[in-house]
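Me: Hey, I'm new to this one. Can you walk me through it?
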Amino acid sequence: NASSSSSSDRIVRGNDLPRPLVKKKFLECLEEFLANDGNPTKADAVNTLVDMGLPRKYFPDFLVWSISLACDRDFKTHRLVAEMLVEMRRAKRPLISESDIIAGLELSRERIPDLEIDCPGARKVVHMICTHCKESGCWAKVTVLPEGLATFLDASGSAAAAEDSTSEVEA
């Protein structure tokens, strides 16, 4: 009887996926995008993520995971991750909402002290990605940002530029 199948026989999909598996699937897709120089394109990668049906409750975490990965890499990766996050928000089939991207950027900003343990330039990386998302229209100009994120976007740019205006962030 099909209705009496045990939970061990069940196929795990979408909202049933545990967080570690969601993270693994998301990062595999992101890594494939980063490693293959335009194939898949950002749009292809976002469509793949949309088609996976990953649980919405983890969408802000996608930003944290992406930014954390970027902090461990070079400047080119920082830019690609920023562009991918914008695509996740602005695609024809957007993966994340305005509130998801704001929540994820705020979580990332809060994690800067932890990120700086392994990447001393993490504050600059997070600021660059947040600024790219802002300038790319990932949220409406009238949107009220969490105070910490708003202050970070307003103040950190000039502080980061003054701190080191000549070198790129190295992982």
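Reply: Helices here are DSSP runs (H or I, at least four residues), numbered from the N terminus. This is a predicted model, where local features need pLDDT of at least 70 and side-chain atom pairs count only at pLDDT 80 or more, while totals for chains, interfaces and linings use all residues. Residues are numbered from 1 along each chain as its sequence is written, and side-chain values use heavy atoms, with hydrogens and water left out.

Me: Which residues in α4 are buried?
Reply: Thr 77, His 78, Val 81, Ala 82, Met 84, Leu 85, Val 86, Glu 87 and Met 88. Buried means under 20% relative accessible area, exposed is over 50%, and partly exposed is in between (1.4 Å probe, protein chains only).

Me: How do α4 and α7 pack?
Reply: Helix α4 (residues 75-90) and helix α7 (residues 122-135) sit at an angle of about 35°, their axes 9 Å apart. Those axes are lines fitted to C-alpha atoms, for helices over the stretch in contact, with angles from 0 to 180 degrees between N-to-C directions.

Me: And what meets what there?
Reply: From α4 you get His 78, Arg 79, Val 81, Ala 82, Glu 83, Leu 85 and Val 86, meeting Val 125, Met 128, Ile 129, His 132 and Cys 133 in α7. Contact means heavy atoms within 4.5 Å.

Me: Switching topic: where is Val 46?
Reply: Val 46 belongs to helix α2 (residues 42-52), and it is buried, at 0% relative accessible area. Leaving out residues up to four places away in sequence, Val 46 touches Met 84, Glu 87, Met 88, Ala 91, Arg 93 and Leu 95.

Me: How far is Val 46 from Met 88?
Reply: Their C-alpha atoms are separated by 5.8 Å, although the two are 42 residues apart along the chain.

Me: OK, how many salt bridges are there?
Reply: The whole structure has 8 salt bridges. That means a side-chain nitrogen of Lys or Arg within 4 Å of a carboxyl oxygen of Asp or Glu. One of them joins Asp 61 and Arg 19, with the closest N and O atoms 3.5 Å apart. Asp 61 lies in helix α3 and Arg 19 in helix α1, so this pair ties together parts 42 residues apart in sequence.

Me: Are those two buried or partly exposed?
Reply: Asp 61 is buried at 15% relative accessible area, whereas Arg 19 counts as partly exposed at 37%.

Notes: Helix = DSSP H or I, 4+ residues; strand = E, 2+ residues; numbered from the N terminus.
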